Amino acid sequence: MVIIGFTHFDELLSALRKRDYTVIGPVARDGAIALDVILSASDLPKGCHDEQQPGSYFLRHEEDEAIFGYVVGPQSWKKYLYPPRLKLFSAKREGKGFEIVSDSATPSPKYAFLGVRPCEIGAIKINDSVFDGGQYSDARYVSTRKDACVIAVNCTRPAGNCFCVSMNTGPRATHAFDLALTEICENGTHHFVVDVGSELGQSILEDVTHRQAEKNEIERALDLLSTSAAGMCKSLETEGLPQLLNDNYEHPEWDDVAKRCLACANCTMVCPTCFCSTVDDITDLTGDHAERWRRWDSCFTSDFTKIAGGNIRMSTRTRYRQWMMHKLAHWHDQFGTSGCVGCGRCITWCPVGIDITHEAQHIRETSISTINS
Amino acid sequence: MKDELANRSLPMSDAMMTYPVTIRKVIWENDDTFTLTLDMNGTLGEFSFLPGQFNMLYVYGIGEAAISISSDPSRTGTLDHTIHRVGTVTTALSQKKRGDVIGVRGPYGSSWPLDVAQKRDVCVITGGIGLAPLRPVIYSLLKKRDEYGRIIILYGGRSPLDLLYRVELERWEDAKNVEVLVTVDRGDSSWKGHIGVVTSLLSYIKLDSRNTIAYVCGPEIMMKYTIDELERRGLPLDRVYLSMERNMKCAVGFCGHCQYGPTFICKDGPVFPLPRIRPLLDRKEL
Ligand SMILES: Cc1cc2nc3c(=O)[nH]c(=O)nc-3n(C[C@H](O)[C@H](O)[C@H](O)COP(=O)(O)OP(=O)(O)OC[C@H]3O[C@@H](n4cnc5c(N)ncnc54)[C@H](O)[C@@H]3O)c2cc1C
Ligand code: SF4
Ligand code: SF4
């Protein structure tokens, strides 16, 4: 492991730009951490610390110099890997038919994702299995992903809704990064303890002033990470969870959650693994030009399951159940892992503070199958 | 991660890209159902499909709909799609004429397995538009008639005028060792056939439960009753196949709309061996 001093952090950004990367990272905006283009270290949110509770998020500003002092904001890398709106093609009218004039193959920039949290690496691996793990691949996703450089940041502090330890994704990044940083900002020290995860990471590092880490520096970083893991207040018991939920398809808790849930779809928009989409077809006034767009959709929307015979999932009860069972049960069947990485976003950004871990735990404690047996 | 990805080649084309094809023929089967014959000798190159698979049909500026291929898989150059007019896209398709161009991408999804039916009796049980995805099966069975036992086609429609493929139904009935039984919900003055739900036709045939493969497609409620009836007659569940329908936007497993419990109808289905989804059928609003 090596050390990059805070004063040399801009060199990391230059090294990325030199390799034609558009650097995307955290910025403080509208009272939250958002993701956007980063031009220099001064764009990063200095002294910002987030406080997250079910249904609540607050960005506190302090005097310290930490640039990664918060955890996860409402946005995730899916914003870049599979954008909220994407033109699939445009077509123009040609006699009795039409002709495709452009497709979605328009390349996206080469991204360097700066500040990817360990749980988000977990989410990106899940995105990979959805868009590039089966019979079909999403060309746009694959090319954006293949070109992306991942600079991870380990979490030395969990936010109030984090449960990555339960989901085995954090708080330390173990794989699928080019560089992983642990920020140490204490007692007059401000530096990053850096793990190199790939040849690309190694070559970037060579352009940045750094030195070998001392044993005590490494120990301090690992200490902070294990304290962070130990300090996580939230957890999700995953043992046997898919079967448990399947056994409780008619559990009364689904009615109870439906009384609170607004079916607003916030949870699905902020979740880094939710991938559902719909399409919009549009034409100009003359009808000579048509476009087909893909945009994020949510299993909470009213016509999501519409077929000629009507909607399949009519109620909030069945929509919440679909969402949670997809994340925690069906995902295992479909992609071989849980669909949840424990980032806590759905809990924070739910306007009524519905907590997926509490819902799961409640069902576990009052399982119909346990009660019946 | 990089290396894993680098080893995989980029997809040749975009999974969501549609290809313009010309409509050769439009046949109205009844008041609101029509069959489009598409000329496939163009952009898509050599097109082949398996019985039960479907295409996404695109109407310029309007949208896409999942439609099963209803023609003979051994026929080259053209494809049939039989479409029930129910909403925006299917209405736009219904307004198309010979020579018009629509978009097509596919074929998608699983198929009715014909190999398991070799030397066995085959019972095709369908309701309404459900006959369309099974017509390629019937063509394939008849083409190699000697490889199968009895062929039984049970078909239910709303009324006599709603029945699809009426000329062909008669032709199939004339084929060797083929039984075609048709029923309607409501008869009319000219109707001399059965009246009632399609499951009632099962009481008119002798099903060899040890040696029959059943292919079932129709409204979900009809399929449920049919399965109950087949179970009652002792047909092993793993000899029953059915085709499911859900809302579908992409057909390649990306849009999430067609999820049916642990499955995606678009890529795991639409045709499923019954044991795979038997427990799901009892789950309401899944
Ligand atoms: C695998 C499969 C095979 C099918 N085969 C046939 C066939 O051979 N013949 C036939 O007539 N129909 C078939 N359907 C049903 C057909 O896809 C729908 O009836 C059609 O999409 C309705 O579109 P619409 O715009 O006309 O209807 P609308 O009711 O106007 O649709 C409104 C919205 O609901 C959506 N919608 C409604 N029903 C469906 C549906 N079943 N699937 C996806 N989206 C839907 C539309 O996309 C649209 O967004 C099949 C469906 C599936 C899933
Ligand atoms: S389900 Fe909630 S906690 Fe899990 S990954 Fe999605 S947003 Fe994060
Ligand atoms: S669980 Fe919360 S965030 Fe999700 S739809 Fe319901 S109210 Fe909205």
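Predicted model: local features only at pLDDT ≥ 70, side-chain atom pairs only at ≥ 80, totals over all residues.
## Two domains in chain B

Chain B is assigned two domains. Domain 1 spans 2–108, and domain 2 spans 114–243. Taken over C-alpha atoms, their centres are 26 Å apart. The contact draws on 19 residues of domain 1 of chain B and 17 residues of domain 2 of chain B.

About 1300 Å² is buried between domain 1 and domain 2 of chain B. Carbon and sulfur atoms account for 53% of that area.

## What links the domains

There are 3 salt bridges across the interface of these two domains of chain B. A salt bridge also joins Asp32(B) and Arg158(B), with 3.6 Å between the closest N and O atoms.

β5(B) gives the most, with 4 residues. By residue type, this side of domain 1 of chain B holds 5 nonpolar, 10 polar and 4 charged residues.

## Where chain A meets chain B

The two chains also touch. Chain A puts 65 residues into the contact, and chain B puts in 48. The size of an interface is often given as the accessible area lost when the parts come together. For chain A and chain B, the buried area is about 4700 Å². Of this, 60% lies on carbon and sulfur atoms.

How many salt bridges are counted between chain A and chain B? The count is 1. Arg292(A) forms a salt bridge with Glu64(B), and the closest N and O atoms are 2.9 Å apart. Across the interface of chain A and chain B, 22 residue pairs are in polar contact, again with both residues at pLDDT 80 or more.

On the side of chain A that touches chain B, helix α11 (residues 316–335) of chain A supplies the largest share, 9 residues. That side of chain A divides into 28 nonpolar, 18 polar and 19 charged residues.

## Ligand 1, between the chains

Ligand 1 sits between chains A and B. It is surrounded by 23 residues. The closest are Ala66(B), His84(B), Thr90(B), Glu245(B) and Lys249(B).

Polar atoms of both chains approach the oxygen atoms of ligand 1. From chain A, a polar side-chain atom of Lys306(A) lies 3.2 Å from an oxygen atom of ligand 1. From chain B, an N or O atom in the side chain of Lys249(B) is 2.6 Å from an oxygen atom of ligand 1. Thr88(B) uses its backbone instead: one of its backbone N or O atoms lies 2.8 Å from an oxygen atom of ligand 1.

## Ligand 2, in a shell from chain A

Which residues surround ligand 2? Four cysteines are among them: Cys271(A), Cys340(A), Cys343(A) and Cys346(A). The shell also includes Phe163(A), Pro272(A), Trp323(A), Lys327(A), Val341(A), Gly342(A), Gly344(A) and Arg345(A).

Helices α11 and α12 (345–348) of chain A each supply at least two residues of this shell around ligand 2. The shell around ligand 2 divides into 8 nonpolar, 2 polar and 2 charged residues.

Methods:
Residues numbered from 1 in each chain as written. Chains lettered and ligands numbered in written order. Heavy atoms only, no water. Domains from an automatic or database assignment. Contact = heavy atoms within 4.5 Å. Buried area = accessible area lost by both parts, 1.4 Å probe. Salt bridge = Lys/Arg side-chain N within 4 Å of Asp/Glu carboxyl O. Nonpolar A, V, L, I, M, F, W, Y, C, P; charged D, E, K, R; others polar. Polar contact = N/O pair within 3.5 Å; in protein donor to acceptor, adjacent residues only side chain to side chain. Near = heavy atom within 4 Å.
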